[in-house]
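Please examine the sequence and the three-dimensional structure shown below. The paragraphs that follow lead from the whole chain to individual strands, cores and residues.

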Amino acid sequence: MLLSMQDIGVSFAGNTILEHITASVQEDSRIGLIGANGAGKSTLLNMITGALENEWGEISRKPMLGIGYLRQNSGLEGSNTIRAEMRKVFAEVLDAKQKMDDLQIEMGQCKPDSSEYHKFAAEYDQLLSFFEANDGYVVDVKIQSVLNGMGFAGRDLDTRISTLSGGEKTRLALAKLLLSEPELLILDEPTNHLDFKTLRWLEGHLAEYRGAVIVVSHDRYFLDQTVKEIWEVEFGSMRVFPGNYSKYKLLKAELMARWEKEYEAQQEEIADLEDYVARNLVRATTSKSAKSRVKKLERMERIEKPKEYNREMHLHFSYDRDPVKDVLIAKELSLTVGEADKRKHLFDHLSFQIERGDKVAVIGENGIGKSSLLKALLGRLSFDSGRYRWGDETKIAYFDQENRQLNPDNTVLEELWSRYPGKTETEIRNELGRVLLSGEDVYKKVSVLSGGERAKLAFAVLMAERGNFLMLDEPTNHLDLRSKEILEDALAEFPGTMLFVSHDRYLLRRVPDKIIEIFSDHVEVFPGNYDYYIEKMQAKERAAALAAAQAAPPPAAAPKAGAVSYNRGKEQRAASARIRARIKALEKRMEEIDEEVAQIEARMSGEELGYEELQQLCEQLEALHTEQDTAMEEWLELSES
C-alpha cells in the first residue's frame with residue numbers, strides 16, 4: 001500500500017471543506033477523482049501530497065513515497081531546450097555515465113596492475129551497475145518514445161521551451177512527469193490540449209504504467225479507458241465506487257434509488273409510529289405499547305434524506321421551420337489563414353455533403369483548421385478556392401468555443417435582452433434561469449464571467465435563436481460532468497441538423513451519425529459514431545501491419561556450404577509451417593472477435609437491458625478486447641519471426 005487515509009478532514013475559516021474521508025491507494029491503483037467544481041478535489045489532492053495538513057484523521061504514506069503531481073494547465077517555463085529539460089529527469093544516470101567516461105580515461109593512464117587502476121575499476125563497476133539498473137543505455141530512446149507519443153514527433157529537440165505555446169508547454173510538462181515515473185502519479189485534467197492520437201497513446205501508456213495513478217478529469221471516455229476505481233467528492237465527503245466511469249454511473253443510480261426507497265420506507269414507518277403514539281399514549285389500555293414505540297423511535301438510526309445537486313441546466317433546442325433536404329454542399333474547399341509571416345495553409349480538397357437531420361462531427365489534429373472551417377462556412381473567413389452552398393430555409397445558430405459572439409461590456413441580462421427586445425424582463429430572466437444564471441448573477445458583466453458561466457449564457461442565446469442548423473465549436477469546454485450529460489441529452493434529442501467540432505469522445509460516441517476527419521490534403525467520412533470510427537481505424541492499423549509484414553524482405557540466405565546448407569532442414573521447415581498455420585489461425589480469430597464485438601454492441605444499443613445483463617455484456621466486451629490485443633501481439637511477433 002502506498003497511502004492510506006482514515007477519517008480525514010479539513011476546514012477553512014471555520015467552514016468544513018471535507019470530512020470523514022477514508023480510502024487507500026495501492027501500488028497498482030487506477031483512480032478517477034470526480035466532483036463538481038469547488039467540491040474539494042484540489043483540497044483532497046493537496047492533503048494527499050502533504051501540501052495541506054489534514055486537521056482530523058490520519059494519513060499514512062509509504063516511507064520515501066515518490067509523488068508526481070501535474071496540476072491543471074501547469075507547464076514548463078525557462079530557456080532550456082526540449083532535450084535538456086527531458087534529460088534533467090535522468091540527471092543521476094547521465095552524471096554516472098560522465099563519471100564512467102572520466103574513469104576510463106583515468107584507467108587508461110594507469111598500469112593495469114597498480115592499486116590506482118584497481119581503485120578506479122572498482123568505482124567504475126559500481127557506477128556501471130547503477131547505470132545499467134536504471135536503463136542508462138536507453139535514456140534517449142525513452143525520451144524520444146514519450147515525446148513522440150505526446151505529439152512532439154519530428155520536432156527539433158533543440159527548440160527552446162520559451163518559444164512553445166501554452167498547450168505545448170503543458171504537454172511537455174506531462175511528458176517530463178511520465179519520464180520521471182513516480183510511484184504515485186497525480187494528473188489534473190491531463191487531456192487538455194491533446195488530440196485523439198495523443199490521447200490514445202496516453203491511455204495505452206497509463207495502462208502499462210508501473211505505479212499508481214490518480215486522475216482528475218472531465219473526459220469521461222478517458223476515465224473509462226484508464227481507471228478502475230472512482231472517488232466521488234460530493235457535499236464535503238467522498239464515496240468510492242469500483243470500476244470505470246460508465247460503471248460508476250450505473251452504481252450511483254442504483255445507490256440513489258435504493259437510498260431513496262429506504263428513506264421513504266423509514267419515513268412511512270416513523271409516521272405510523274408517531275401516529276400510534278399520538279393516539280394511544282394517554283390511554284390506559286394502550287399506554288404501555290405506545291411507550292415501547294416511543295423507545296423504538298428514540299433508538300432508531302435515522303436515514304438521512306438523499307442529497308443530490310438539484311440545480312442543473314435545462315436545455316432544449318427547437319426551431320420553427322425545416323430546411324430543404326440538401327442543407328449544405330461543399331466542393332473542393334481550400335483554406336489559408338493569417339497574414340504575412342503568420343500565414344498558414346490548413347487544408348485542400350475538402351468535400352462533403354450534409355442533409356436535413358444529419359448530425360455531423362468534425363475531427364482532426366490540433367491546428368488542422370476545424371474551427372476555421374466553421375467560421376469560413378459562416379462567411380467570417382474566405383476560402384482560397386472551392387465552393388459551398390447552403391440550402392433554402394436554413395437558419396444557423398452558432399456556438400463559438402471562446403464565446404466571442406458575446407459582448408463583454410454587456411451584463412448577462414443585457415446580452416440576452418438586447419437580442420430579443422420584444423420580450424419582457426421576466427421572460428428573459430426565466431430563460432437565463434434555465435441555464436442557472438439567476439439572482440445577482442444576471443447583473444454581472446460578461447467580461448467577468450467564468451468559462452462555465454459564459455458557456456451557459458451562450459447556450460441561452462443558442463436556444464433563443466431557434467436555429468434549425470446548430471453549428472457548435474467545442475460545446476463541452478468549461479462544463480462539469482453533469483452539465484456535459486445534460487447538453488448531450490439535448491443534442492441527441494434535437495430533431496434538426498448539426499455540424500460540430502469536439503474532442504469529447506463521450507459526446508462523439510453519443511450524438512453524431514457521421515464523422516468527418518480532416519487531413520491537410522483530403523477528408524475521410526465515416527458513416528457512424530466514434531465507436532464506429534475507432535473500429536475502422538483499428539482495422540486500418542491491422543491491415544497496415546499485415547501489409548508491412550507481408551512486404552518485409554525474406555531473411556538473407558546463409559552462405560552455400562554443400563547440399564545440407566542449401567535447403568533448410570526438415571525440422572526448420574516444419575517449424576516455419578507451424579508458424580504460418582498459427583498466423584492464419586490468429587487472423588481468423590481476430591475476424592471472429594470483430595464480429596462478436598459488433599453483435600454485442602448492437603445488442604447494447606438496440607435493447608432495453610437490465611443492469612446485470614448490461615454488466616455481463618460489458619464484461620464480455622472487455623474479455624474480447626483483451627483477447628484481441630493478446631492475439632494481435634502474438635501475430636506481430638510471429639510475423640516478424
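**From the whole chain to single residues**

Of the 641 residues of the protein chain, 43% count as buried, where buried means under 20% relative accessible area, exposed over 50%, and partly exposed in between, with a 1.4 Å probe and protein chains only. This is a predicted model, in which local features need pLDDT of at least 70 and side-chain atom pairs count only at pLDDT 80 or more, while totals for chains, interfaces and linings use all residues. Residues are numbered from 1 along each chain as its sequence is written, and side-chain values use heavy atoms, with hydrogens and water left out.

The protein chain has 20 helices and 18 strands; these are DSSP runs numbered from the N terminus, helices being H or I with at least four residues and strands E with at least two. Along the principal axes, the C-alpha atoms fill a box of roughly 110 × 75 × 55 Å. Among contacts in the protein chain with a separation of 6 or more, 69% join residues 24 or more positions apart, contact meaning heavy atoms within 4.5 Å.

Five of its five residues are buried, so β6 is largely enclosed by the rest of the structure. L184, I186 and D188 point one way from the strand, and L185 and L187 point the other way. Strand β5 (residues 67-70) runs parallel to β6 and is joined to it by four bridges; two strands pair if DSSP finds at least two bridges between them. In this pairing L70 stands opposite L187. Strand β7 (residues 212-216) also pairs with β6 in the parallel sense, over five bridges, and here L185 stands opposite V213.

A further sheet is open and antiparallel, with three strands in the order β11-β10-β13. Because β11 (344-355) and β13 (385-390) stand at the edges with a single partner strand each, one side of each is left without a neighbour in the sheet. Five bridges join β10 (residues 326-337) to β13, and S334 stands opposite S385 in β13. Helix α11 (residues 370-377) lies across β10, β11 and β13 and runs at about 120 degrees to β10; axes are lines fitted to C-alpha atoms, for helices over the stretch in contact, and angles run from 0 to 180 degrees between N-to-C directions.

Which residues touch the most other members of the largest nonpolar core? They are L315, F317, L432 and F459, in a core of 103 residues. Such a core is a set of buried Ala, Val, Leu, Ile, Met, Phe, Trp, Tyr and Cys residues joined through side-chain atoms within 4.5 Å. Its largest share, nine residues, comes from helix α14 (residues 451-465). Apart from this core lies another, of 27 residues, including L3, I21, I59 and L184.

S237 and I21 are 216 residues apart in sequence, yet 6.1 Å apart in space, C-alpha to C-alpha. Beyond its neighbours within four places in sequence, S237 is in contact with E19, I21 and E232. With a relative accessible area of 31%, S237 is partly exposed.

T286, in the loop between α9 (245-280) and α10 (287-299), counts as buried at 17% relative accessibility. The side chain of T286 reaches the backbone oxygen of N280 at 3.0 Å.

Notes. Polar contact = N/O pair within 3.5 Å; in protein donor to acceptor, adjacent residues only side chain to side chain.
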